[in-house]
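This briefing is meant for a reader who is meeting the structure for the first time. Please look over the sequence and the 3D view before going on to the points below.

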Amino acid sequence: MTKIENREQYEWAVARVEHLLPLVDDETPRTDPSSIELELLSNLVADYSEENFSIGKPTLADVIKMRMAELGITQSKLAEILGLSPSRISDYITGKSEPTLKVARDLSIKLDIAPAVVLGV
């Protein structure tokens, strides 16, 4: 098997990986048949999962909304924190516009969001 083609093969491979996991540990030689099979199947399962179940990278709007929920703040409160209008915050949250570098810096610092996430890198 060079690639998992369907859900049935995927479920079989996952079950097999779960069976092999207790048989292999850090002390198991890499030449051990169970170790080899576990590595191969794990890679196939990971490839299929990434292709079929990937949720993608969150947008800045998603991250801002999540952070607002975590902090329990509204769009109006975020506007106040950043010194912006509520309509500008709405533009960021709906994805209609992206923040300037200054606003991106403030979002990163004041909401404790990683700069790479704010800048989309």
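Which residues are buried in helix 1? In this predicted model, the buried residues of helix 1 are Tyr10, Ala13, Val17 and Leu20. They cover an arc of only 90° around the axis, which puts them on the same side of helix 1.

**Helix 1 and its two sides**

- An α-helix has 3.6 residues a turn, so residues three or four places apart point the same way.
- The buried residues of helix 1 pack against helix 2, which runs through residues 33-53.
- On the other side of helix 1, by contrast, Glu8 and Glu18 are exposed.

**Length and N-terminal end of helix 1**

- Helix 1 takes in the 14 residues 7-20, which at 1.5 Å a residue should span 20 Å, and this agrees with its end C-alpha atoms, which are 20 Å apart.
- The N-terminal end of helix 1 is capped by Asn6, where a side-chain oxygen lies 3.1 Å from the backbone nitrogen of Glu8.

**The largest pocket**

- The volume of the largest pocket is about 320 Å³.
- This largest pocket is lined by 17 residues, and the closest of them to its centre are Leu60, Val117, Val118, Leu119 and Gly120.
- Two elements, helix 3 (60-71) and helix 7 (115-119), are those that give two or more residues to the lining of the largest pocket.
- Helix 7 provides the largest share of that lining, with 4 residues.

Conventions: Residues numbered from 1 in each chain as written. Predicted model: local features only at pLDDT ≥ 70, side-chain atom pairs only at ≥ 80, totals over all residues. Heavy atoms only, no water. Expected span 1.5 Å × (residues − 1). Buried < 20%, exposed > 50% of the residue type's maximum accessible area, 1.4 Å probe, protein only. Arc of directions from axis to C-beta. Contact = heavy atoms within 4.5 Å. Polar contact = N/O pair within 3.5 Å; in protein donor to acceptor, adjacent residues only side chain to side chain. 1 Å grid on protein atoms, 1.4 Å probe; cavity = no way out; pocket = protein on both sides within 12 Å on 5 of 7 lines; lining within 4 Å. Points joined across faces, edges and corners; volume = space filled by probe spheres on them.
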